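Have the sequence and the model side by side.

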Amino acid sequence: MSQRRKTDLRSYYTRVAKRAGHRCEYCHAPESFFPHRLSLDHFVPESAGGPTALANLVLCCYGRQFQKLAFESGLDPTTKTIRPLFHPRRQRWNRHFRWSEDRLHLEGLTRIGRATIERLALNNQRQIEARSRWKLHPDLFP
Ligand SMILES: [Zn+2]
């Protein structure tokens, strides 16, 4: 990424983070639990023509090097079908996800929810370990 692109992205940070309530828009991890800012990601990847614009930027807890990359879809493990990923701007989180009773796992309520959990590895071991600590702060998480 060029220096200009980094600067462009940085200029959106405050607005995207405020809009997201300073939480990951996929797993709701609060930014205050991290020693760094959360990441901005393009929902529609730049490689697919997604613009660097408020409407296409998502606040997320994974770095660019992780799961989403240029994907816009994932495999729903229940129906074995490819589904689009959850879109935080256009869809309601509560319709597609819920927390397990122990609040450690995200559960997909829909094909989109399950495909998103699978693609973004939202229940990976590190996240589950982190959630076990975060849930000691029910005022902050989830
Ligand atoms: Zn997250």
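Start with Arg133, which is exposed because 10 other C-beta atoms lie within 10 Å of its own. The scale runs as follows: a residue is buried if 20 or more other C-beta atoms lie within 10 Å of its own, exposed if 12 or fewer, and partly exposed in between, with C-beta atoms placed from the backbone. Arg133 sits in helix 4, residues 125–134. Helices (H or I, at least four residues) and strands (E, at least two) are DSSP runs, numbered from the N terminus. Arg133 and Leu104 are 29 residues apart along the chain, and their C-alpha atoms are separated by 9.7 Å.

Some ground rules apply. Residues are numbered from 1 along each chain as its sequence is written. This is a predicted model, in which local features need pLDDT of at least 70 and side-chain atom pairs count only at pLDDT 80 or more, while totals for chains, interfaces and linings use all residues. The pLDDT is the predictor's confidence in each residue, from 0 to 100. Its average over the chain is 89, and 90% of the residues score at least 70. Among the elements, helix 2 has the highest mean pLDDT (98) and helix 1 the lowest (84).

Now the whole chain. It holds 4 helices and 6 strands. Along the sequence they follow the pattern α-β-β-β-β-α-β-β-α-α. The C-alpha atoms fill a box of roughly 45 × 35 × 25 Å along the principal axes. The radius of gyration, taken over C-alpha atoms, is 15 Å. A compact globule of 142 residues would have a value near 14 Å, so the chain agrees with that expectation. The globule rule is 2.2 Å times the number of residues to the power 0.38. Of the 142 residues, 26% count as buried. Two residues are in contact if their C-beta atoms, placed from the backbone, lie within 7 Å. Among contacts between residues at least 6 apart in sequence, 54% join residues at least 24 apart.

Which element is largely enclosed by the rest of the structure? It is helix 3, residues 111–120, because 8 of its 10 residues are buried. The buried set is Ile112, Gly113, Arg114, Ala115, Thr116, Ile117, Arg119 and Leu120. Their cover includes strand 3 (73–76), strand 4 (81–84), helix 2 (93–96), strand 5 (97–99) and strand 6 (106–108).

Pro84 shows one side of this packing. It is found in strand 4. Pro84 is in contact with Glu72, Ser73 and Ile112, leaving aside neighbours within four places in sequence. Pro84 and Thr116 are 32 residues apart in sequence, yet 7.8 Å apart in space, C-alpha to C-alpha.

Next comes the core. Nonpolar side chains tend to be buried together in soluble globular proteins. A nonpolar core here is a set of buried Ala, Val, Leu, Ile, Met, Phe, Trp, Tyr and Cys residues joined through C-beta atoms within 7 Å. The largest one has 20 residues, and those with the most contacts inside it are Cys24, Tyr26, Cys27, Cys60, Cys61 and Leu122. Strand 2 (57–60) and helix 3 are the elements that give two or more residues to this core.

Strand 2 is covered on both faces. Leu57 and Leu59 are buried on one side, Val58 and Cys60 on the other. Strand 2 pairs with strand 1 (residues 39–42) in the antiparallel sense, over 4 bridges. Ser39 stands opposite Cys60. Pairing requires that DSSP find at least two bridges between the strands.

Leu122 and Leu106 touch each other. Beyond four places in sequence, Leu122 also touches Tyr26, Cys27, Ile117 and Gln127. Leu106 lies in strand 6. It is buried because 26 other C-beta atoms lie within 10 Å. Its contacts beyond four places include Cys27, Phe97, Trp99 and Ile117.

Finally, check the backbone. Most residues other than glycine have a negative phi. His22, in the loop between helix 1 (3–19) and strand 1, has a positive phi near 55°. Lys80, in the loop between strand 3 and strand 4, has a positive phi of about 60°. Lys80 is exposed because 7 other C-beta atoms lie within 10 Å.
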